[in-house]
Amino acid sequence: MISEKDNEYLTKTGPGTAMGDTFRRYWIPALLATELPEPDCPPVRVSLLSERLIAFKDTNGKIGLMDEFCAHRGVSLWFGRNEEGGLRCPYHGWKYDTTGQCIEVPSEPVSSGFCQKIKLKSYPCIEFGGVIWTYMGPPEHQPPVPEYEWAQVPADHRYLSKRWQQSNYLQAMEGGIDSSHVSFLHSGDINRDPLHKGTDGAKYARSTSTTFDIHESLGGLMIGARRKAEPGFHYWRVTQWMMPWYTLIPPYKGNALNGHAWVPMDDENCMAWTMTFHPTRPLTEKEVELMDSGHGVHSVLIPGTFRPEANMDNDYMMDREAQRQKIYYSGIKGIAIQDASLQESMGPVADRTKENLVSTDNAIIMARMRLKKAARGMEKGTPPPGIDPETHKVRSASFILPEDGAFKETALEASEMKIGEPFVAV
């Protein structure tokens, strides 16, 4: 367990907090590119790190991300008119460009210079890999553009989704690096989900006896989970955790790779991004159709929102008969919602002072230590790990090794990202 003080240190990400200052040093996924599809399209509300922001694409195609509220009377600019190179508040006509600079106040003469004195807080944005990214830290520390593999493959090799999760980012992310729960919570889907069933890896992943071998990487952790395979052999699943909130899920042979980003909206909510991608081929129509319908690690959303159809208000559409028959181990349908239901059940912020951790939780323990160390280093002027694009060039993997095989050496080779080349999977 950890102390209440440390729990608060790790989970609070608003302005001026240690973890918030640390996270602001990374490029942050803010929106799907499809949320701002064209110039002068409607603005979009964005919640990041306990800041309420508004995003828009101006007449020239430039993206702005700034304080949601007009500097005049505090009206939400979500109601604004996106036109003629800026976002205009509908209340009294104040207009802002993509930098947050006020460029027109109809009631004041231009000669007064009043506009130049008014500027909303804003953050720079870039668009690539199907995502609009923002940097919220000090301008002088803006890092290079990320080089995650999923953002570099051709667009038809990639499928992105995101869903609102009603919990702190940390308990969501910890679920992403907890490989031991797969054999229990997701056991029904391993057998039935069309994007998982039928592979040797899915067969071995059912084993509930798991041993971990975890190593620090330059940007996070390489997490090996070992299960029994055929006599004399072990089945290894390698998860990558990359600072500050990315996970790459061990793949099954023949399928695409998957990853997550657990991005804090505020201290009690996060946006769970899911990235499915294949380095050597386009995703098939069938794969896309299945993901659209909530299979794999994606979920079905309430139309027009990022809230899942199955959520805490309807008890995640719990089916006790399906639970009894072990169709779904927890009675909840879908891998993503199975995770969300249990993580949200811990409360908005899990009380880690009541935990009783065991050996299979070592990855969670080490990730907390790495996060805390990064924030402590930031307080002393040391940049956090995972900013250098070289640290992004890793893959998840799964493979079979003899019982006396060298895991670390095999995992390091299997985890090397090679653009356009096949990945290692069973």
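**Note on the predicted model: strands, spaces and selected residues**

1. S1 and S11 are paired strands, antiparallel to each other, with five bridges between them. Strands are DSSP runs of E with at least two residues, helices are runs of H or I with at least four residues, and both are numbered from the N terminus. Two strands count as paired if DSSP finds at least two bridges between them. Leucine 31 has isoleucine 132 in S11 as its bridge partner.

2. The model is predicted, so local features need pLDDT of at least 70 and side-chain atom pairs count only at pLDDT 80 or more, while totals for chains, interfaces and linings use all residues. Residues are numbered from 1 along each chain as its sequence is written, and side-chain values use heavy atoms, with hydrogens and water left out.

3. S11 also pairs with strand S10 (residues 125–128), in the antiparallel sense and over four bridges. Here the bridge partner of isoleucine 126 is tryptophan 133 in S11. The hairpin of S10 and S11 has two residues between the strands, and glycine 129 there takes a positive phi near 65°.

4. Is strand S11 mostly covered or mostly open? Strand S11 (residues 131–135) is mostly covered, with five of its five residues buried. Buried means under 20% relative accessible area, exposed means over 50%, and partly exposed lies in between (1.4 Å probe, protein chains only). Val131, Trp133 and Tyr135 point one way from S11, Ile132 and Thr134 point the other way, and all are buried.

5. A separate point concerns the open sheet of four strands, in the order S2-S3-S4-S9 with antiparallel pairing. Its edge strands are S2 and strand S9 (122–123), each of which pairs on one side only. S2 is joined to strand S3 (residues 51–57) by five bridges, and the two run antiparallel. Leucine 48 has glutamate 51 in S3 as its bridge partner.

6. The largest pocket has a volume of about 510 Å³. It is lined by 22 residues, and Arg45, Ser47, Met265, Met271 and Phe306 lie nearest its centre. Strand S1 (27–32), strand S2 (44–48), strand S12 (158–165), S17 and S18 each give two or more residues to this lining. The largest share, five residues, comes from S2. By class, the lining has 13 nonpolar, four polar and five charged residues. Ala, Val, Leu, Ile, Met, Phe, Trp, Tyr, Cys and Pro count as nonpolar, Asp, Glu, Lys and Arg as charged, and the others, Gly among them, as polar.

7. On terms: the search uses a 1 Å grid over the protein atoms alone; a cavity is a set of points where a 1.4 Å probe fits but cannot get out, a pocket is an open set with protein on both sides within 12 Å along at least five of seven lines, and lining residues have an atom within 4 Å of a point. Grid points are joined across faces, edges and corners, and a volume is the space filled by probe spheres set on the points.

8. How many cavities of 30 Å³ or more does the structure hold? There are four. The largest cavity has a volume of about 470 Å³. Of its 33 lining residues, His196, Arg237, Ile249, Val297 and Ile335 are the closest to its centre. Elements that give two or more residues to the lining include helix H4 (169–176), strand S15 (233–242) and helix H10 (335–345). The lining has 15 nonpolar, 14 polar and four charged residues.

9. H10 is mostly covered, with nine of its eleven residues buried. Among them are Ile335, Ala336, Asp339 and Glu344. The cover over the buried residues of H10 includes S12, H4, helix H5 (182–185) and helix H6 (187–192). Just after H10, glycine 347 takes a positive phi of about 100°.

10. Valine 349 sits in the loop between H10 and helix H11 (362–379). Valine 349 is partly exposed, with a relative accessible area of 30%. Not counting residues up to four places away in sequence, valine 349 touches Asn7, Thr11, Asn168, Gln171, Asp267 and Glu268; contact means heavy atoms within 4.5 Å.

11. Threonine 274 lies in strand S18 (residues 269–277) and is buried, with a relative accessible area of 3%. The threonine 274 side chain makes a polar contact with the side chain of histidine 260 (3.1 Å). A polar contact is a pair of N or O atoms within 3.5 Å; within protein, one must be able to donate a hydrogen and the other to accept it, and residues adjacent in sequence count only if both atoms are side-chain atoms.
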